Every structure is written in C-alpha cells, then in structure tokens.
Amino acid sequence: MRSRTNEKIHIEGPAGQLEVVVTDPGENRGGYAIIAHPHPLYGGTLENKVVQTLAKAMYSLELAAIRFNFRGVGESDGVFDEGPGELEDFLSVAAFARSRYGDTAPLLAGFSFGSYIAATAAQQLQSRQLVLIAPAVGRFPLGEVPKQTLVVHGEEDDVVPLADVLEWARPQQLPVTVFPGAGHFFHGALVDLQNLVLRFCRQ
C-alpha cells in the first residue's frame, strides 16, 4: 500500500496567491486531475470530505490529485467573485499543472459549486473526463457538458433538488447516477462514491 503525501504549495493566481495541495503517486503517474471544492461562502474548502474522496480516487488511478482553495478561502488571497474569478483560479491551477505534468489532457472534477466551475473550465480545456458530484444546477448556469461526463446526485439532496439535475441532464441525454437516500454531502456513502468514480474513470 503506497502512502499518500500531500504537498502544499502556493502559486500565483489572478487575485494573489492560491493555496494548492498536490497528492502525487510518483513515477508511475498517469497524468493529473484537478478538483474544485464547494461554495466558498458556505464552508467549502479543499478539505471537504467529498473533495478528499475524489482525490483518493484519482490517486488510486495513479493520477496526481490537485486540490486548491478558491480566492478568499484558507490561505488563498482575494474575495469571492460569484463564479468568474473562481473560474480564473481554476484555469490558473490548470496552467500550473500543465507546467509540471506536461500537456496530458487532465481529468476535471468538482463538487456542488465546484462542479459548475469544473464544467465551465472543461469548455476551455481539453479534458479527458469530467466528474460532477451534486452539480449546482439552477443556482449557477451549467451549460452542456462533454459526453464523457459522470454526474452523481443524492436522491435526498436538499441543497440542489434531484429534479433540477434531471431536467438539466435530460436534453443532453446525459445519464445521472442517483444514490438512493443520500443527501448533498453523501454522508455514509463516500466509499461507494469513491468506487463509482474509480469504475467510471477506468473505462
């Protein structure tokens, strides 16, 4: 069993420094994944349990898992910008990742508000896959996403209603994996969530 090493660094972002944590499997890595955390004004950070679950899945896939704090969160400079600035933060992290790992197409992932940012970034980046957990449709303007996208939602989500997600996904003929009985934060279902992400990403 390999031990995970979390490397905390700071990179220059559009609003100052951005706090970044990289979990790198080492020489046998198969690329990298960038993971976006939930809404900064509601306690979202790179330490969120769903975000950490996604990072564990990416590490198991021998991808370098890159988490970061949006502007105004943790040790990242700036203040919340309602989306546009946070997209700039994500793209800055993507540029850093490219400089470190080369032009390999990244896997992009996000949880809740982070799903909106990751999905929007995927329109500008050549991503290999996209993973959206509890995407914040109805709250933020999620548009169309690539066909190679995993969408996961909790049946009992009281932050983003499942009906809203299905309505967004239906015109795109985009499958949605529903976790029966799960709420927005997937309490008690994180291991199952991690295994689902692993199966999808190995396709």
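Q: Is T120 buried or exposed?
A: T120 is buried, at 18% relative accessible area. Buried is under 20%, exposed over 50% and partly exposed in between, with a 1.4 Å probe and protein chains only. This is a predicted model, so local features need pLDDT of at least 70 and side-chain atom pairs 80 or more, while totals for chains, interfaces and linings use all residues. Residues are numbered from 1 along each chain as its sequence is written, and side-chain values use heavy atoms, without hydrogens and water.

Q: Which helix has T120 in it?
A: Helix 3, residues 113–121. Helices are DSSP runs of H or I with at least four residues, strands are E runs of at least two, and both are numbered from the N terminus.

Q: Switching to rings, how many aromatic pairs are there?
A: The count is 10. Phe, Tyr and Trp rings (six-membered ring for Trp) pair with centres within 6.5 Å; planes under 30 degrees apart are stacked, over 60 edge-to-face, the rest tilted.

Q: How are the rings of F68 and F90 arranged?
A: Edge-to-face, because their planes are at 75°, with the centres 5.9 Å apart.

Q: And where do F68 and F90 lie?
A: F68 is in strand 4 (residues 64–68) and F90 in helix 2 (residues 84–101), so the pair ties together parts 22 residues apart in sequence. F68 is buried at 1%, and F90 is buried at 0%.

Q: What about F113 and F140?
A: Their planes are at 65° and centres 5.0 Å apart, so that pair is edge-to-face.

Q: Which residues form the aromatic cluster?
A: F68, F70, F80, F90, F113, Y116 and F140.
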